[in-house]
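Here is a briefing on a set of protein chains. Look through the sequence and the model before reading on.

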Amino acid sequence: MTVEQILFLITGAVTLIAAVMVVTSPRLVHAGLWLIMTLAGMAVLFVLLENGFLAVVQVAIYIDAIAILIIITVMLTRAVMRETEPQINRLWVLAGLGASTLFAGLMAIALQLGATAPASLAAVLEPEEGLELLGRSLVDVDAFILPFEVASVLLVAALIGAIVVAMVPRGGASPQDGR
Amino acid sequence: MQTELLTWLIPLPPLLAFGLIVLFAHRNNRISHALAIGAMALSWGLGMAVFWTAVTTEHLAEHPIASSIPWLPTGSSALRIGVFVDPLAAVTLFFVVWTCLAIFVYSVGYHNFGAARDPQDRPGLPPRAGGIDPMYARFFAFISLFAFGMLTLVVSDNLLTLFVGWEIMGLCSYLLIGFWYGKESAKRAMIKAFITTRVGDVFMLLGLAYLYSSTGTLSYREILFNHETLERLAGMPSVLGAGLSAAGLIGLLLFIGTVGKSAQWPLHVWLPDAMEGPTPVSAMIHAATMVSAGVYLIARFFPLITAGWQEGAALTPTMGIIAFIGAFTALFAATIALAQNDIKRVLAYSTISQLGYMVAAVGIGAFVAAAFHLVTHAFFKALLFLGSGSVIHGVEHGAHATHKHLDPNDMMNMGGLRTRQPLTFWTFLIGGLALSGFPILTAGFWSKDEILADAFANGRLIVFVTLALAAFLTAFYTMRQISLTFLGEPRSEAASHAQESRWTMTAPLIVLAVFAVGAGWAGIPEDFPGLGGLLPNWIHDFVGGTLQEHPAAAAFNPIPLLVSVVVALGGLLLGWFVYRRVQAGAPDPLSVALGRVYTLLQRKYYFDQLYDRLFVRPAYWFAEQFTYRWIDRGLIDGTLHAIAGFALRVGSFLRNSIDLPIVNGSGDLVGEGIKAAGRDFRVVQSGRVQLYLIVGIFFAGLLITYMLFLQ
Amino acid sequence: MIPLSWYLILAAALFCVGLFGVLARRNAVAILMGIELMLNAVNLNLLAFWRYLHSEQVSGQVFVIIVFAVAAAEAAVGLALIISIYRRRQTVAAEEIDMLKW
């Protein structure tokens, strides 16, 4: 058992436990916070995979943006959901069953695939080089410029769409006040 | 040639009058009666012209006034109709036109022409208080139609057109008996008359058909004046067997028609009830003309009835039946007349009785006597009826004046009218004496005496005695009638206030009275003591000429003459004696004398009740119960209902068992099935996304499993 | 070194936990959290494969970046939708948002 493996196990356990808490916390704010812990664990795992850049991106996007957004939304929609109500719906048995089955299947595949992995890892590029290569490839016409641009279009669309969808209806008061 | 044309024209004016009145003139009473009387006068003129020609023709019977035209094509030949005036037809024509004209004129006064229309009078009921009859014009239309029928019958030359005239008169009789249709009794009487005569007419039609099938013709000249035909028919056994020859059966069947039409026993019941009609109707139809048509028929067919019979020989079965019915009826009706209180009913039974005389005369072979009595009877019977109408009008007027309501026809309410209605009285007296056979002076004596003489001379003693007895009763009830009506003191206030009738009513009485006296003198037998030979026995010579062999005049015999005189005078005297002082409210002396027998007579031997039980009620039952309820409603309607019900059930079955479940059902099944399937399946669409996801994952898992592990 | 299968199993576990969260949570925001978990698991998976099999290429990383972008966009739009629904129906329970129901 190398240090990496132990590190991996600890991080993996923490992430997994946090993920379970995310989906089982009755209080949503708590769930959001557990989500943040999960995302942080993910960042650590990215680091373990020798991709520091993406770890930082993970923290920046997921934790700083998405998780915060989620928590804000929870707060905005709070008045309705009494937190004493059960947060798990009636289908949880089927859902659990399905999820377990899927896990079992995926595990089987994973074990199979894992056996075909190479014994030793190839070296990874230096961070600076790797990053520059990544950056260049994103704008290289022969490489990945198209997905890059499409993603940006997607983001613009999401931006505008979110604004439009969440806009307060003209002339109508927000129904959040005190109800 | 000219006379034939005139003969054709005789029946037509009244027909035209009928048509014009019905179509155009019925709103105007004056024009209506003018048309009717004018037409009748025209027929009278034509009739008299033809009569004159007839009597001045030598041996008319050998070349009678006749003409015919082909009418109904029957194969290669045609049925011919035409006119035929021989002596019998000529004398009949004479009295028909005279009596009809007199009665037409009488009707003007009888129906109160000139009086104002009483606003309370309703059509269908007689006028209450002397107003003009609301249906005045209709009356004249009907009697014009009737005159057409009678004249057609008299001048026709074949049995078919005779039957046509016969039936037209039957129709008019029906219409006129029920002229005042508002009266229930009139309605019943009109139906009774029609149905009863119908019975006779059915047999007559059978006789007509039998005759046509035996000889192929209905014309008089080819049957009655054709010796070979008559002999053949007399020799041929009838369909009923050898006892009755064909001629006899035909004669019998035709005679049954006469029994109906001339109201002989047993079909006599309709004539007394026919007095419900207005008096001119009673006079014309039921005294002078229509009932005489029955006698005319058997007189006309005398050659056929007597085919194979020789004078002095035993009567053929047909003749025997005819003689029996005639004599029986004469006596039968005379007995009933004794006990009647209604002035018109006495005369009705008297008519039946006198027709019995004529029928009996034909039955014993006394052709000339029968024809003679036919003529004289028409005159004095019409006279008597018109006189009774005048009396009734007078009493009604008196009742109206005293504001007391009573039956104006009842003789027990009359009396003492001799002084109040003198003209009516004297003419009625003449008529009554003629009816009774008052010797020498009246026509009835000569004709009745002739019948009695013939009966006696040919040894028909039963007939003789019966008829003599009937004559006695006739005289008795006639005098009873005259005494009750005119003599003594008035038995009611209405009678004492009675008034003489207008000239339109009394003038015809006078004319008829003249004939009632004078008509007899044309038939005085040659060897009558004293008077015989002064005037030729014109009737015997003229009418006797109708037959192929001129009948020999019977030798004079004092016995029938004596009997005749005795019964006549005796009856008259007895009647006068018994009835001259009947007080108001007192019972009829005869009822006192006869007791229960009187009741029997007054109830007409209960024949009406008998027929009611035997025929009328069963007929009604048959119509109501059997034909209507059982057959019509039960069988026919039942069949229809059953068919309809069956169709309904089949349709219902088809609908409910096949159409609805199968056809509709399969259609609905598709729709409803899809809907049900949709309803059942749509629960999948719960709208809950998470459930969709689960299902999606499940199936994705299946797919992956398949692809990865089972490929 | 860490065997590839460990990463894969971890990613699978995270994915299934996220799936369970998506399927079994009532609050729509909680569902969204589950979705984020799933996307993270995907990212982990991608990176694990990139590192162990094709570390000389950039396409794995590019994939992960695109996933990041998509996840962000999707989170933003999803939350905006939730807020909009909350405004109209005063509820964010996924069971109650069943307008697609028959």
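In what order do the elements of chain C run from the N terminus on? They run α-α-α. Helices (H or I, at least four residues) and strands (E, at least two) are DSSP runs, numbered from the N terminus.

This is a predicted model, in which local features need pLDDT of at least 70, side-chain atom pairs count only at pLDDT 80 or more, and totals for chains, interfaces and linings use all residues. Residues are numbered from 1 along each chain as its sequence is written, while chains are lettered from A and ligands numbered from 1 in the order in which they are written.

**Chains A and C**

- Chain C has 3 helices and 0 strands.
- Buried residues are 62% of the 102 residues in chain C. A residue is buried if 20 or more other C-beta atoms lie within 10 Å of its own, exposed if 12 or fewer, and partly exposed in between, with C-beta atoms placed from the backbone.
- Two residues are in contact if their C-beta atoms, placed from the backbone, lie within 7 Å. Among contacts in chain C between residues at least 6 apart in sequence, 51% join residues at least 24 apart.
- Chain A has 6 helices and 0 strands, in the pattern α-α-α-α-α-α.
- In chain A, 27% of the 179 residues count as buried.
- For chain A, 48% of the contacts with a separation of 6 or more are between residues 24 or more positions apart.

**Interfaces of chain A**

- Chain A puts 73 residues in contact with 64 residues of chain C.
- On chain A, the elements giving two or more residues to this side are α1 (3-24), α2 (28-48), α3 (52-76), α4 (92-115), α5 (127-139) and α6 (145-166). α4(A) gives the most, with 13 residues.
- By class, the side of chain A that touches chain C has 55 nonpolar, 15 polar and 3 charged residues. Ala, Val, Leu, Ile, Met, Phe, Trp, Tyr, Cys and Pro count as nonpolar, Asp, Glu, Lys and Arg as charged, and the others, Gly among them, as polar.
- Towards chain B, 8 residues of chain A are in contact with 6 residues of chain B. The chain A side of this contact has 4 nonpolar, 4 polar and no charged residues.

**Helix pairs in chain B**

- The axes of α16 (residues 343-363) and α17 (residues 367-402) of chain B come within 9 Å and cross at roughly 175 degrees. Axes are lines fitted to C-alpha atoms, for helices over the stretch in contact, and angles run from 0 to 180 degrees between N-to-C directions.
- α16(B) and α17(B) are therefore roughly antiparallel. Angles under 35 degrees count as roughly parallel, over 145 as roughly antiparallel, 65 to 115 as roughly perpendicular and the rest as oblique.
- The contact of α16(B) with α17(B) has 14 nonpolar, 5 polar and 2 charged residues.
- The axes of α5 (residues 136-155) and α6 (residues 159-177) of chain B come within 7 Å and cross at roughly 155 degrees. This makes α5(B) roughly antiparallel to α6(B).
- The α5(B) and α6(B) contact divides into 14 nonpolar, 4 polar and no charged residues.

**Nonpolar cores**

- A nonpolar core is a set of buried Ala, Val, Leu, Ile, Met, Phe, Trp, Tyr and Cys residues joined through C-beta atoms within 7 Å.
- The largest nonpolar core has 220 residues, and those with the most contacts inside it include I298(B), A370(B) and L467(B). α17(B) gives the most to this core, with 20 residues.
- A second, separate core has 83 residues, among them I36(A), A41(C), W50(C) and Y86(C).
- Leaving out residues up to four places away in sequence, L467(B) touches A327(B), A330(B), Y357(B), A360(B), I451(B), L452(B) and A455(B).

**Backbone points in chain B**

- Most residues other than glycine have a negative phi, and most peptide bonds are trans.
- The peptide bond from W265(B) to P266(B) is cis, with omega near 0 degrees. P266(B) is in the loop between α10 (246-261) and α11 (270-273) of chain B.
- A263(B), not a glycine, has a positive phi of about 55 degrees. A263(B) is in the loop between α10 and α11 of chain B, and is buried, with 30 other C-beta atoms within 10 Å.
- Y605(B), not a glycine, has a positive phi of about 60 degrees. Y605(B) counts as partly exposed, with 14 C-beta neighbours inside 10 Å.
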